[in-house]
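Subject: Structure handover

Hi,

Here is the structure I promised to pass on.

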Amino acid sequence: MTAPAPLFSPGYFANPYPTLAALRTQGPVFQTPQLGYMLFQHADVRGLARCPHLSKALLEQARIEGLPEEAQRLAKPVLERAKFSMLQTDPPTHTRLRSQATKAFTTRAAEAMRPRIEALADALLDAMTETGGMDVVRDFAFPLPATVIMELLGVPAADRDQLKQWTADAVTFLGALRTSADPVAVARKGAEGNEALRAYAADLIEKKRGDPQPDFISQLVQVQQTEDGRMNVDEVISQSVLLLAAGHETTTNLIANGLLAFLRHPEQWRALCADPTLARGAVDEVLRYDPPVQLTARVTTEPMEIGGVAIPAGSRIVTMLGAANRDPEHFPEPERFDIRRGAADHVSFGFDRHLCLGAHLARIEGEIAFRRFAERFPDLRLADGATLEYQANPTFRALKALPVTF
Ligand code: HEM
């Protein structure tokens with residue numbers, strides 16, 4: 001068993017689970033100056049599902065409290081725009097914005113994309129077959145979901161690599177601003193990335209206004225053009241940018257974290273190779289075992305009691321999804337990676353009205369990825385001498401690279 005590393009230290013980012021397990025044994029709630037009240041137990045996280053006293057809109061101010069003035073100044077314009085995004089609003093705005101997108105992301109809509117996702121996965125792997133090795137993150141886990149979401153939204157493929165850099169800076173801002181050793185730099189890059197993404201989306205929206213296509217951004221533009229108050233232009237921009245980022249950053253990590261878990265558990269890999277139909281269930285076990293999104297945050301609007309701890313109104317609470325997924329009260333032998341476990345009751349897609357909109361799509365992408373790797377590269381191995389490094393981000397569990405040979 002690895003020794004627990006201090007919270008948000010390099011050792012924590014390499015492997016947060018011993019630290020989370022050690023904190024959980026001390027009690028159900030742990031307070032940190034950076035993030036607020038951390039919750040570790042599956043029942044406590046699930047118990048918040050219908051809690052009427054939690055706000056995401058109020059989180060924006062809490063995001064910058066206590067940071068250096070310069071970081072606050074740089075972050076403010078980004079936080080100002082949060083009021084246009086479903087991820088950062090409360091009802092009724094949240095309900096209105098989300099309702100414009102639900103139809104495009106049903107199980108049925110995601111299933112209809114399966115053949116296209118399979119073709120994209122095969123094309124990416126065809127290009128690698130002769131090479132005998134690849135960086136899974138760069139060569140597959142990033143381009144697959146990025147291409148899928150860009151096609152769905154109607155974003156030109158040629159812009160993929162440019163958008164990737166802006167998105168990466170925005171994601172660091174969203175997930176690591178409060179724990180970074182250099183919040184000013186994170187705020188500066190995050191603000192620039194956000195600004196660039198919004199300008200890009202605004203331009204694209206104008207083009208689609210004049211030349212609508214059968215894509216999701218054109219649909220949003222059409223809703224906005226009816227001018228019946230359902231959506232304004234800022235909201236169309238924010239939903240487009242949110243979907244572009246959420247639609248690939250996390251799924252990249254599902255694929256990479258999953259393949260790494262298989263490389264570290266050869267008996268599970270052999271089971272998948274022997275029966276690739278296990279890929280569907282494997283996706284949920286990967287999501288439970290090493291979730292791409294490690295935490296979500298809310299602000300309490302009333303005093304609350306969680307796990308016997310009194311939490312005042314106006315506090316930041318943080319659900320530690322990776323810890324709840326390894327709560328031994330809920331999942332027997334939680335440290336064991338077992339693709340036949342039937343782990344669908346994890347909290348990796350969230351737990352309340354903000355439950356992941358892209359969950360069906362992400363599950364299908366993950367299933368196709370694991371299945372295709374098992375069918376095509378049963379002798380997959382970690383490349384000799386590979387050192388694995390994660391982004392220093394407590395929210396998104398992201399490998400920088402995953403070099404493999406086959
Ligand atoms: C394995 C991949 C994914 C994981 C682990 C994941 C995880 C999450 C989580 C935990 C939330 C809730 C955040 C919160 O409560 O604060 C969320 C929300 C969201 N996700 Fe995902 N996600 C994934 C893939 C996707 C994909 C592929 C899309 C889009 C196509 C997407 C779009 C969204 C959106 C729009 C929201 C906001 C929903 C709302 O606020 O109502 N996600 N996701």
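Before the cavities, one term: a cavity here is a set of grid points where a 1.4 Å probe fits but cannot get out, and its volume is the space filled by probe spheres set on those points. Please keep in mind that this is a predicted model.

With that rule, the count is five cavities of 30 Å³ or more. I went through the second largest cavity, which has a volume of about 70 Å³. Its lining includes Tyr 12, Phe 13 and Pro 16, then Gln 294, and also Tyr 390, Gln 391, Asn 393, Pro 394, Phe 396 and Arg 397. Sorted by class, that lining has six nonpolar, three polar and one charged residues.

Which protein atom donates to the iron atom of the ligand? The only protein donor is the SG of Cys 356, at 2.3 Å. Cys 356 sits in the loop between helix H18 (321-324) and helix H19 (359-376).

- Asp 126 and Arg 376 form a salt bridge, with the closest N and O atoms 2.6 Å apart. This pair links distant parts of the chain, Asp 126 being in helix H8 (residues 114-129) and Arg 376 in helix H19, 250 residues apart. Both ends are partly exposed: Asp 126 has a relative accessible area of 48%, and Arg 376 has 27%.

- Arg 280 and Glu 367 meet through their side chains in a salt bridge at 3.5 Å, N to O. Because Arg 280 lies in helix H17 (residues 279-289) and Glu 367 in helix H19, the pair ties together parts that are 87 residues apart in sequence. Is Glu 367 buried or exposed? At 9% relative accessibility, Glu 367 counts as buried, since the cut-off for buried is under 20%.

- Glu 389 and Lys 400 form a salt bridge as well, with the closest N and O atoms 3.0 Å apart. Glu 389 and Lys 400 are both in the loop between strand E9 (381-382) and strand E10 (403-405), 11 residues apart. Glu 389 is partly exposed at 47% relative accessible area, and Lys 400 counts as partly exposed at 42%.

One last item: the Asp 126 and Arg 376 pair belongs to a network of salt bridges that also links Asp 122, Arg 371, Arg 372 and Glu 375.

Cheers

Terms used
Residues are numbered from 1 along each chain as its sequence is written. This is a predicted model: local features need pLDDT of at least 70, side-chain atom pairs count only at pLDDT 80 or more; totals for chains, interfaces and linings use all residues. Side-chain values use heavy atoms; hydrogens and water are left out. On a 1 Å grid over the protein atoms alone, a cavity is a set of points where a 1.4 Å probe fits but cannot get out, and a pocket is an open set with protein on both sides within 12 Å along at least five of seven lines; lining residues have an atom within 4 Å of a point. Ala, Val, Leu, Ile, Met, Phe, Trp, Tyr, Cys and Pro count as nonpolar, Asp, Glu, Lys and Arg as charged, and the others, Gly among them, as polar. Donors are N, O and S atoms within 2.8 Å of the metal (3.2 Å for Na, K and Ca); water is not among the atoms, so sites may look incomplete. Helices (H or I, at least four residues) and strands (E, at least two) are DSSP runs, numbered from the N terminus. A salt bridge is a side-chain nitrogen of Lys or Arg within 4 Å of a carboxyl oxygen of Asp or Glu. Buried means under 20% relative accessible area, exposed over 50%, partly exposed in between (1.4 Å probe, protein chains only).
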